[in-house]
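This report sets out selected features of a predicted model. The structure is shown below, and the sections after it proceed topic by topic.

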Amino acid sequence: MIALAFFMFVSTMVSWIDARYSLIPDKFILPAIVLLGLIMAIEGYLDSNHILAVILIIVIFLIPIVLNLPFGGGDLRFGAFCALFLGLEPLGYFLGLAGIVHLIIMALLRKREFGFAPAMSIASLVVYGAVHA
């Protein structure tokens with residue numbers, strides 16, 4: 001339960017910063033990744049499933065960065081944070097839902113670019129709720 005509360009706090013802060021400034025500060029997200037891993041380890045549910053999810057999301061999120069699309073390293077690191085929290089099994093649902101939510105946000109705001117963190121946060125919490133219901 002501490003991991004969920006911590007995830008919600010960090011994802012809210014990162015989403016607000018990304019929506020407002022279009023950046024995710026390393027000095028905030030990198031320690032958050034480490035602390036989330038420690039909390040999950042203490043709570044007893046950090047396993048190879050979560051580590052594989054982080055590796056997979058990094059590989060997937062490197063593609064738009066390499067192609068020079070509007071996707072930054074902060075999105076990659078926050079995606080790793082979300083993947084660490086969710087684990088491997090719901091990762092596909094997370095990615096699909098995050099994409100849909102991002103498109104909806106951009107359509108509602110009538111913008112061609114908008115930070116991806118709010119969509120990842122919403123998708124993470126919806127998927128987490130569906131998996132742990």
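## The F78 and F81 pair

F78 and F81 lie three residues apart in helix 4, a spacing of about one helical turn. Their ring centres are 5.8 Å apart and their planes meet at 20 degrees. The pair is classed as stacked because planes under 30 degrees apart count as such. F78 is buried, with a relative accessibility of 0%, and F81 is likewise buried at 0%.

## Other aromatic contacts

Seven aromatic pairs are found when the whole structure is searched. One of the pairs joins W16 and Y21, whose ring centres are separated by 6.1 Å and whose planes stand at 80 degrees, so this pair is edge-to-face. W16 is partly exposed, at 48% relative accessible area, and Y21 is also partly exposed, at 47%.

## The largest nonpolar core

The largest nonpolar core contains 40 residues, and those touching the most other members are I29, L36, F78, F81, F94 and M120. At least two core residues come from each of helix 1 (2-21), helix 2 (26-43), helix 3 (48-66), helix 4 (73-86), helix 5 (91-109) and helix 6 (117-131). The greatest contribution is that of helix 4, which supplies nine residues. In soluble globular proteins, nonpolar side chains tend to be buried together.

Which residues does I29 touch, leaving aside those up to four places away in sequence? The contacts of I29 are V10, V14, I24, R77, F78 and F81. Both members of the stacked pair are therefore among the residues in contact with I29.

## Packing of helix 3 against helix 4

The axes of helix 3 and helix 4 lie 8 Å apart, and the two helices pack at an angle of about 155 degrees. This angle makes the two helices roughly antiparallel, because the class covers angles over 145 degrees. The crossing of helix 3 past helix 4 is right-handed.

On the helix 3 side, the residues in contact are H50, A53, V54, I57, I58, F61, L62 and I65. On the helix 4 side, they are G73, D75, L76, G79, A80, A83, L84, F85 and L86.

## S124, a buried serine

S124 is located in helix 6. Is this residue buried or exposed? S124 has a relative accessible area of 0% and is buried, since the limit for that class is under 20%.

With residues up to four places away in sequence set aside, S124 touches F7, C82, L86 and F94.

Most residues other than glycine have a negative phi. S22 is in the loop that lies between helix 1 and helix 2, and it is exposed, at 57% relative accessibility.

R110, also not a glycine, has a positive phi of about 55 degrees. The position of R110 is in the loop between helix 5 and helix 6, and its relative accessible area of 77% makes R110 exposed.

Notes. Residues are numbered from 1 along each chain as its sequence is written. This is a predicted model: local features need pLDDT of at least 70, side-chain atom pairs count only at pLDDT 80 or more; totals for chains, interfaces and linings use all residues. Side-chain values use heavy atoms; hydrogens and water are left out. A nonpolar core is a set of buried Ala, Val, Leu, Ile, Met, Phe, Trp, Tyr and Cys residues joined through side-chain atoms within 4.5 Å. Buried means under 20% relative accessible area, exposed over 50%, partly exposed in between (1.4 Å probe, protein chains only). Helices (H or I, at least four residues) and strands (E, at least two) are DSSP runs, numbered from the N terminus. Contact means heavy atoms within 4.5 Å. Rings of Phe, Tyr and Trp (its six-membered ring) pair if their centres lie within 6.5 Å; planes under 30 degrees apart count as stacked, over 60 as edge-to-face and the rest as tilted. Axes are lines fitted to C-alpha atoms, for helices over the stretch in contact, and angles run from 0 to 180 degrees between N-to-C directions. Angles under 35 degrees count as roughly parallel, over 145 as roughly antiparallel, 65 to 115 as roughly perpendicular and the rest as oblique. A crossing is left-handed if the near helix is turned anticlockwise from the far one by less than a right angle, and right-handed if clockwise.
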